[in-house]
Structure formats: C-alpha cells, structure tokens
Amino acid sequence: MTIPIVHHPDYSFPFPQKHRFPMEKFGLLAEYMRSTGLLTRSNSFRPAPCRQGWLTQTHCPDYLARFAQGRLTAREQRQVNLPWSTGLVRRTFLAPSGTVLAAQLALQHGIACHLAGGTHHAHFDYASGFCILNDLAIAANVLLGQEGISRVLIFDVDVHQGDGTAALLANTPGAFTCSIHCERNFPFEKQISDLDVALPDGLGDEDYLEVVHETLQQALAQSRPDIVLYDAGVDVYQGDPLGKLNISEQGIRQRDRLVLGELKRRGIPAATVIGGGYDDNRANLAKRHGIVAEEACSVFGLD
C-alpha cells in the first residue's frame, strides 16, 4: 500500500537564518521525501487551517485570538521565542490540522505520516519551547470525540518531556500520555504524564532501545489504544545541540522500526509526527526527520 503523507508548503516560510529553531526543515524534509520517491502526488495530503472548535477545545480562546492578531504581551512573546509574523500565524494554525488529518488517514489505512507536528510543550494559554499550539493534545481531543475511538495513546520519544501534552490531557478520559525523555533537559519543571521514563545523559543505542521496547509494551498494556500518535523526535541524536543523549542515526531507525513494527503486529493504527530536531546542518536534519516515514513505508509496505 502507499503510505499517506501529510504536508503543507506553508510549514516553512521566510524566517531568520540564525535562529535556533530550524523553520526551513519542513520544506527540506518534503523535498527529501520527494527525492526518494516516497512523497508523490498520489499519496500527498494537504491540511486546511485548523477548525476553531478543535482549537478552543484544547486552548484558551483569548490566547488564540491575541496570538493570531499579534497582541501577545512582551512576556508571552518571549515564551513563544519565535518572531511573530503572518507566516508564523498561518503555519501555527495549519500544523495541528495536519496531525488530525494524519490521524484520520491512519484510521483508514493503518498508518500515516505528518511531516510536521509534535509541538508538545504548548500549554492551555501560553507557549513554551518553540511550541505555540499543542497538536498532539488537539488531535487526541478530536479523536476522542468521534464514534469508535475511546482510547488514544500518545507515545512521545522526543528528547524533551511532553509537558504540555501531559498537562492538557491530565483529566481527559481515554487519553494516555507516555514520554521517554532526557531527565536533565528542558523543561526543567516536569509535568506528570500517565507514564514517564527519564533517561540519563549520554545514554547509547543499546540501552535506549531496550527502554523504548519495554516502555512501549507497558504503555500499550495500560492504555489499550484504538490509535497511537507517535512523536518520533530526532533530538535524541548524538550530535543534536539540544539533546544530551548519544543515539546514532541507526539507533533512531531501529527505534522507529521497533515502534511501528509492534503497532502493525497488533493492528493498531499509527499517526506519526516529527517532533524536535535542531542540528545546524539543516539538510542532514531533514533526512533524519525522514527516517520515521521511511520506516513506516518499510514496515507497512509500499507499492
């Protein structure tokens, strides 16, 4: 089967080149996927801007309106840590819809990949860690409101804890949050997920993969999900400037193969998002983010 892939050209837009957040990686990732033949016209899906009802189900309406209009306070703007622009507003309201679309496609096809998403630090009424809206929490709430979906697992292996996701879904029946992250890393004030696994600095491939395997088994047993949202962050990479772990690219590939292989074996639909990655070599970073889609194609089959 052809793997559905969700992307929008407005995910990347003119942005300060020297900024720590690599805004151009989304466009570079799509270009890379096209060059490998994994992203074509036939399997490319483009989201529309996120529905207002989806946004306000998860986030504060006043916060949403003031961000859209460029009226955040100076303190709030520092929390965003991204220069406000109409381009930023457009991509911010597109990306959560992309994760919802990937989840809907996953329910139809068993797997779908979103070439963005994983903005897991955003809270109810404030931004954090380059995250303005929490696409994972938004998608989980949308899914739980539709017929046939009663349990959603968010399996987050980004190097940073999914603190916003944990806080936003803490009291949501049917939502199970799981975060495997570096303990001594941002955010320095952690939230409580349904399942948290904190890793020591410098952890290598073998030990890391064992933790991922054991945690996945535990999370699946506890949550019994109808669908999994998989945040496949690549900031665990040994050369990532915001990481602190020691995971090779092969280790990332093995991780994604392990997770997606287990979900396929169990017949659980999976929607992937790319999560964090901050390598200054943007082309290499884009290829690293492409690993999860490559493994999805390998595990689920590609005609």
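Let's start where two helices meet: D205, Y208, L209, V212, H213, L216, Q217 and L220 of α8 touch G251, Q254, R255, L258, V259, E262, L263 and R266 of α9, contact meaning heavy atoms within 4.5 Å. By class, the residues of this contact are eight nonpolar, four polar and four charged. Here Ala, Val, Leu, Ile, Met, Phe, Trp, Tyr, Cys and Pro count as nonpolar, Asp, Glu, Lys and Arg as charged, and the others, Gly among them, as polar.

This is a predicted model, where local features need pLDDT of at least 70 and side-chain atom pairs pLDDT 80 or more, while totals for chains, interfaces and linings use all residues. Residues are numbered from 1 along each chain as its sequence is written, and side-chain values use heavy atoms, without hydrogens and water.

α8 (residues 205-223) and α9 (residues 249-266) pack at about 20°, their axes 10 Å apart. Because of that angle, α8 is roughly parallel to α9 (angles under 35 degrees). Helices are DSSP runs of H or I, at least four residues.

Now to the cavity. The count comes to one cavity of 30 Å³ or more; on a 1 Å grid over the protein atoms alone, a cavity is a set of points where a 1.4 Å probe fits but cannot get out, and lining residues have an atom within 4 Å of a point.

| Largest cavity | Value |
|---|---|
| Volume | about 290 Å³ |
| Lining residues | 26 residues |
| Share from α5 | five residues |

Closest to the centre of the largest cavity are F21, R91, T119, F130 and C131. Both α1 (25-35) and α5 (86-109) give two or more residues to the lining.

Key: Axes are lines fitted to C-alpha atoms, for helices over the stretch in contact, and angles run from 0 to 180 degrees between N-to-C directions. Angles under 35 degrees count as roughly parallel, over 145 as roughly antiparallel, 65 to 115 as roughly perpendicular and the rest as oblique. On a 1 Å grid over the protein atoms alone, a cavity is a set of points where a 1.4 Å probe fits but cannot get out, and a pocket is an open set with protein on both sides within 12 Å along at least five of seven lines; lining residues have an atom within 4 Å of a point. Grid points are joined across faces, edges and corners, and a volume is the space filled by probe spheres set on the points.
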